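This note sets out points for a colleague who is examining the model. Please read the points alongside the sequence and the coordinates.

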Amino acid sequence: MVGFLAARRHTRSGTERTGRAEQHVDADGAPDPPARAPRLVLGLGLRRGTPAADLLRTVDAALAALGLDRTALARAATLDSKLAEPGLLAAARELGLPLTGHPATVLAAVPGPGGSARVAAAVGTPSVAEAAALASAGPGARLLAPRTATATATAALAAPPQEDNR
């Protein structure tokens with residue numbers, strides 16, 4: 001798959017641009033079947049002041065662990081109090097994703113794995129990345145893998161119901 005940013009900035013010979021998606025043609029001129037629209041929700045947790053580059057490395061690591069790239073993403077979500085973070089806003093712009101913020105009370109009510117008492121004491125919910133991904137993906141959503149964590153950021157991927165994007 002062509003990476004999201006590369007797909008938006010460049011076309012290759014044998015490629016037709018059709019809106020946001022590319023349509024590839026084979027040597028006989030027959031188009032490949034249309035690619036499925038991106039459907040995954042990216043949940044992000046981050047420390048105050050985390051640069052966009054750190055967030056993007058964490059996102060790419062989470063996607064790579066599943067054999068995916070940025071084109072699999074439909075939206076990003078996080079804790080509403082993080083929506084003014086410059087690194088988060090820059091990362092969402094770089095990814096070309098709408099960004100949703102959820103109140104801590106909403107995230108705390110999302111059933112899911114893990115969580116941290118330290119995080120709960122700091123922000124009011126034991127889980128940010130996983131809970132935000134699940135909350136934005138909707139009822140019946142599922143996490144695709146455990147969260148990917150670095151020293152400054154966490155990323156989790158959720159699929160809406162009826163989706164299998166592995």
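The numbered points below go from the overall architecture to single residues.

1. Basis of the note. The model is predicted, so that local features need pLDDT of at least 70 and side-chain atom pairs count only at pLDDT 80 or more, whereas totals for chains, interfaces and linings use all residues. Residues are numbered from 1 along each chain as its sequence is written, and side-chain values use heavy atoms, with hydrogens and water left out.

2. Overall architecture. The protein has six helices and eight strands; helices (H or I, at least four residues) and strands (E, at least two) are DSSP runs, numbered from the N terminus. Read from the N terminus, the order of elements is α-β-β-β-α-β-α-β-α-α-α-β-β-β. Of contacts between residues at least 6 apart in sequence, 59% join residues at least 24 apart, where contact means heavy atoms within 4.5 Å.

3. Surface and burial. The accessible surface of the protein is about 8700 Å², and carbon and sulfur atoms account for 55% of that surface. Accessible areas come from the Shrake-Rupley method with a 1.4 Å probe, and for residues only the protein chains shown count as cover. Buried residues make up 40% of the 166 residues; buried means under 20% relative accessible area, exposed over 50%, and partly exposed in between (1.4 Å probe, protein chains only).

4. Helix 6. Eight of the nine residues of helix 6 are buried, so this helix is largely enclosed by the rest of the structure. The buried residues are Ala129, Glu130, Ala131, Ala132, Ala133, Leu134, Ser136 and Ala137. Their cover includes strand 3, strand 4, strand 5, helix 4 (104–108), strand 6 and strand 8. Just after helix 6, Gly138 adopts a positive phi of about 100°.

5. The structure holds three salt bridges, a salt bridge being a side-chain nitrogen of Lys or Arg within 4 Å of a carboxyl oxygen of Asp or Glu. One of them joins the side chains of Glu130 and Arg147 (2.9 Å, N to O). This pair links distant parts of the chain, 17 residues apart: Glu130 belongs to helix 6 (residues 129–137), and Arg147 to the loop between strand 6 (142–143) and strand 7 (148–149). Glu130 is buried, with a relative accessible area of 6%, whereas Arg147 is partly exposed at 39%.

6. Arg57 forms a salt bridge with Asp54, with 2.4 Å between the closest N and O atoms. Both residues lie in helix 2 (residues 52–65), three residues apart, about one turn of the helix. An α-helix has 3.6 residues a turn, so residues three or four places apart point the same way. Arg57 is exposed, with a relative accessible area of 53%. A further salt bridge brings together the side chains of Arg70 and Asp60 (2.8 Å, N to O). Here distant parts of the chain are linked, 10 residues apart, with Arg70 in the loop between helix 2 and strand 4 (73–79) and Asp60 in helix 2. Arg70 counts as buried at 14% relative accessibility, while Asp60 is partly exposed at 31%.

7. Second largest pocket. The volume of the second largest pocket is about 570 Å³. On a 1 Å grid over the protein atoms alone, a pocket is an open set of points where a 1.4 Å probe fits, with protein on both sides within 12 Å along at least five of seven lines, and lining residues have an atom within 4 Å of a point. Among the 26 lining residues, Gly45, Leu46, Arg47, Arg118 and Val119 are the closest to the centre of the second largest pocket. Two or more lining residues come from each of strand 3 (40–46), helix 5 (117–123), helix 6 and strand 8 (153–159). Helix 5 gives the largest share of the lining, four residues.

8. Leu99 is found in strand 5 (residues 99–102) and is partly exposed, with a relative accessible area of 24%. Beyond its neighbours within four places in sequence, Leu99 is in contact with Ala76, Ala77, Thr78, Leu83, Leu88, Leu89 and Ala92. Ala145 lies in the loop between strand 6 and strand 7 and is partly exposed at 25%.

Notes. Grid points are joined across faces, edges and corners, and a volume is the space filled by probe spheres set on the points.
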